[in-house]
Amino acid sequence: MSFWRRNKKNDTKKNTIEKEEVPDSPASPIKSPIIESDGLDPVITDFRLQLPDNKDDLKDSGSSTSSEKSDLSVALEDCMAVLDLFLRNDFEEALSRLRSRNKDSMYHALTYATILEMQAMMTFDPEDILAAGNTMKDAQAVCQRYRKKSSFNSKSFTEEELHAEVCYAECLLQRAALTFLQDENMISFIKGGIKVRNSYQIYKELHTVLKSSGYVHGDNHGHFEGGVKLGVGAFNLMLSLLPTRTLRLLEFVGFSGNKEFGLEQLQEGSAERTFRSFLCNMLLLCYHTFMSFILGTGEGDVEDAEKLLQPYLKRYPKGSIFLFFAGRIEEIKGNLDAAIKRFEECCEAQQEWKQFHHMCYWELMWCFTYQRHWKMAYFYADLLSKENAWSKATYAYMKAAYLSMLSWEECQTFGESEVALFRQVPGLKQKIAGKSLPTEKFAIRKARRYNVENPIPLPAPPLEMMYIWNGYTVIGKHRDLTEGMLKTLDEAQQKLEQHPRTEFSIDDQCVVSLLKGLCLKHLGHQEEAEHYFTLVLCNETQIKFDHYLVPNALLEHGLLCLEQGRREEAIKLLEMAKQNYKNYSMESRTHFRIQAALHKARATEQNGENSPSSP
């Protein structure tokens, strides 16, 4: 068995940082196959992390010097204390303490980069994303210095070197998560997936180390084990969500993540009081409250999310992160007034990081949208447009969308015109890492019709954007909210029928039909819902602009069939949506949802037609 071969340039002293960029994968092992992809990092498909044959060798190497072991313990204790500061909203003090050692301590470097990544993932600010990526790359360089430098046939690992491996793998994993965040283009998923693949190769070997008879628990075993559970859990969970076509592009033939195993590993990691327990907890909360909605069919385990949150909310009652998740949980339960209260508490809890406020503004905007309080929804869209840099085009589009739901007299109080705002949208387009945001592309396409002297208005733009963010799954839990939205859609349909036909008429009618079908499905009127989904499909050849409608109507029709126990028909519809359409708005997001629906359908087949299942 072999270990990684190290070049001589890597055998530098630990008090110097490599100036060259750290590779996204370990240096190539002897005779290890590598998948090369043009413009992407190489994927190492086979390497081994070897423990000594003699347990005593590991004991000796694990405590080669008392100061080395002590340094690791002290660093972990300090980083735990810093994390406590961060969770108490003392953000700058936490970052200041980390900066003092982030060039020489792998755990300080990793913690510093992790906090910046959390900021980026919660705000979606392009500058935050780029800064987090660069800082994580620097942290990876620090971890590289502590990794084993010996020749490939060496078999002994100190505890510090094992921790360096898990920290290095975590840097790769978090860099992959940032790549996902930058945009929903398939190439970005491939790049991110390759980092995940390389990261997992290390985690897999470390998992084997933990289970081997030659492994002896060091002083910081709990932190090391927690790091492995975080990585293995995150890898399995993330990979299980990827669309099949992406997995094939990544050459993961016959290889897929196991969602249940991933969730189990993260649950175990969050249950222990270790350095990684908080991150395990956050990943689980993000999955149950966001990922399962935006990239799935909206079936996250809300009860589990509440159980995960409560201990932290009790310990940190004013912690912004936990107040935000408390609000999000109430929101997806359909308890909108309680959600609004939580988000307002989150904004009042601290003034240091406005980014947390912006997260709350976005959710508050949707809460008021679900309640059809268009003026309040406009208010928060306007705040975001003035204070947040994520997507000025999306914010302008949403402001215009809300004004379009008000009378001319009501709009005058805001001093803005819906037509003028819609016309601003294309000019506000931006790029993150060279890629346009999918949501912006959608908004720009929808706003194009306003670039004429007498534009034809969109029928119900806030309700259409609601679908893009899977909002009907939220309102579907409360009959009154769903009935209210259906009433608004009926009014929009009446307006369409009263106006002369235009080149947009079929598209607009199909938009309303898709959304009415969703409302009717949640109200239990399944035959009527199916009629409206079928209506979209019947008009496929006449749709001129909104080509995303047909695959999404097939998706929703498939989910409806699945609810009715018509599994084979559901799979057929979902496969049609997956295979027959491309180059439409929000395509990647739709493919994520199709994949989740197919997993659900096939799990139903395995467990029995009426058995509850999850993808």
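Tutor: What follows is a walk through the salt bridges, then a charged patch, and lastly the cysteines. This is a predicted model, in which local features need pLDDT of at least 70 and side-chain atom pairs count only at pLDDT 80 or more, while totals for chains, interfaces and linings use all residues. Residues are numbered from 1 along each chain as its sequence is written, and side-chain values use heavy atoms, with hydrogens and water left out.

Side chains of opposite charge can pair when their charged atoms come close. A salt bridge here is a side-chain nitrogen of Lys or Arg within 4 Å of a carboxyl oxygen of Asp or Glu, and a search of the whole structure finds 27 of them.

Take the pair of Glu410 and Lys375, whose side chains meet in a salt bridge at 3.8 Å, N to O. Glu410 lies in helix 18 (residues 408–412) and Lys375 in helix 16 (residues 374–387), so this pair ties together parts that are 35 residues apart in sequence. Helices are DSSP runs of H or I with at least four residues, numbered from the N terminus. For the surroundings of each residue, buried means under 20% relative accessible area, exposed means over 50%, and partly exposed is in between, with a 1.4 Å probe and protein chains only. Glu410 is partly exposed at 29%, and Lys375 also counts as partly exposed, at 40%.

Glu416 forms a salt bridge with Lys399, and the closest N and O atoms are 3.0 Å apart. This pair links distant parts of the chain, 17 residues apart, with Glu416 in the loop between helix 18 and helix 19 (418–424) and Lys399 in helix 17 (residues 392–403). Glu416 is partly exposed, with a relative accessible area of 25%, whereas Lys399 counts as buried at 5%. Both belong to a network of salt bridges that links Asp382, Lys386, Lys399 and Glu416.

In the loop between helix 17 and helix 18 lies Ser404, which counts as buried at 19% relative accessibility. Its C-alpha atom is separated by 6.0 Å from that of Glu418, although the two residues are 14 residues apart along the chain.

Further along, the side chains of Lys521 and Glu556 meet in a salt bridge of 3.7 Å, N to O. Lys521 is in helix 24 (residues 505–522) and Glu556 in helix 26 (residues 549–563), so that distant parts of the chain, 35 residues apart, are linked. Lys521 counts as buried at 9% relative accessibility, and Glu556 is buried at 6%.

The cysteines complete the picture. A disulfide is a pair of cysteine sulfur atoms within 2.5 Å, and the structure holds zero disulfides. Cys171 is in none, as the nearest cysteine sulfur, that of Cys143, is 4.1 Å away, and Cys171 is buried at 0%. The sulfur of Cys538 is 9.3 Å from the closest cysteine sulfur, in Cys510, too far for a bond, and Cys538 counts as exposed at 57%.

Key
Helix = DSSP H or I, 4+ residues; strand = E, 2+ residues; numbered from the N terminus.
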